[in-house]
Amino acid sequence: MSKNTNFLVNTDIPLLEPLTLGTGETLTKLTMRVPRRKDMKEAQRYSKDQVESETFLFSLLTGLTMEDIDQLTLADSAEVSKTFRRLCGEPADQS
């Protein structure tokens, strides 16, 4: 069996607008780890609301608090979502 050499372990996501964390630290990029099935299960248990569940999931995958995730701009949030889908094996956008 061959190994998939394109499999990403962690992915950096550059932010269009720096994010100031609750701790006062400012980030210009986030690092997202590869999602696991257990992450999805935990997020679904956390809330049936899709936005709350996604916020919880992205918190797990980036190591940030939910409050910090909520401070992302919509453009940066969309990039986090796109990166998540790519890490789940979905094809990249063709646009």
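Lys29 is partly exposed, with a relative accessibility of 44% (buried means under 20% relative accessible area, exposed over 50%, and partly exposed in between, with a 1.4 Å probe and protein chains only). The structure is a predicted model, in which local features need pLDDT of at least 70 and side-chain atom pairs count only at pLDDT 80 or more, while totals for chains, interfaces and linings use all residues. Residues are numbered from 1 along each chain as its sequence is written, and side-chain values use heavy atoms, with hydrogens and water left out.

The chain contains four helices and two strands, arranged along the sequence as β-β-α-α-α-α. These elements are DSSP runs numbered from the N terminus, helices being H or I of at least four residues and strands being E of at least two. Of the 95 residues in the chain, 34% are buried. The chain exposes about 6900 Å², of which carbon and sulfur atoms supply 51%; accessible areas come from the Shrake-Rupley method with a 1.4 Å probe, and for residues only the protein chains shown count as cover. Among contacts (heavy atoms within 4.5 Å) between residues at least 6 apart in sequence, 47% join residues at least 24 apart.

Side chains of opposite charge can pair when their charged atoms come close. Three salt bridges are counted, the criterion being a side-chain nitrogen of Lys or Arg within 4 Å of a carboxyl oxygen of Asp or Glu. In one of them, the side chains of Asp12 and Lys29 meet at an N to O distance of 3.3 Å. This pair links distant parts of the chain, with Asp12 in strand 1 and Lys29 in strand 2 (residues 26-33), 17 residues apart. Asp12 is partly exposed, at 42% relative accessible area. A salt bridge also joins Arg33 and Asp39, whose closest N and O atoms are 2.9 Å apart. Here Arg33 is partly exposed at 27%, whereas Asp39 is buried at 1%. Lys82 and Glu79 form a salt bridge of 3.6 Å, N to O; both residues lie in helix 4, three residues apart, about one turn of the helix. Lys82 is partly exposed at 33%, and Glu79 is partly exposed at 29%.

Helix 4 (residues 74-87) also holds Thr83, which is buried at 3% relative accessibility. Beyond its neighbours within four places in sequence, Thr83 is in contact with Thr11, Ile13 and Met32. In strand 1 (residues 10-20), Glu17 is partly exposed, with a relative accessible area of 46%. With neighbours within four places again left aside, Glu17 contacts Thr73 and Asp76. The C-alpha atoms of Glu17 and Asp76 are separated by 7.6 Å, although the residues are 59 apart along the chain.

Ala43, in helix 1, is buried at 1% relative accessibility. Excluding residues up to four places away, Ala43 touches Ser53, Phe56 and Leu57. Its C-alpha atom is 9.1 Å from that of Phe58, 15 residues away in sequence.

Asp49 occupies the loop between helix 1 (37-46) and helix 2 (50-62) and is partly exposed at 41%. Together with Glu52, Glu67 and Asp70, Asp49 forms a negative surface patch.

Note on methods
Patch = residues over 30% accessible without salt bridge, like charges linked within 9 Å, V, L, I, M, F, W, Y side chains within 5 Å. Lys, Arg positive; Asp, Glu negative; His and termini not counted. Charge placed at Lys NZ, Arg CZ, Asp CG, Glu CD.
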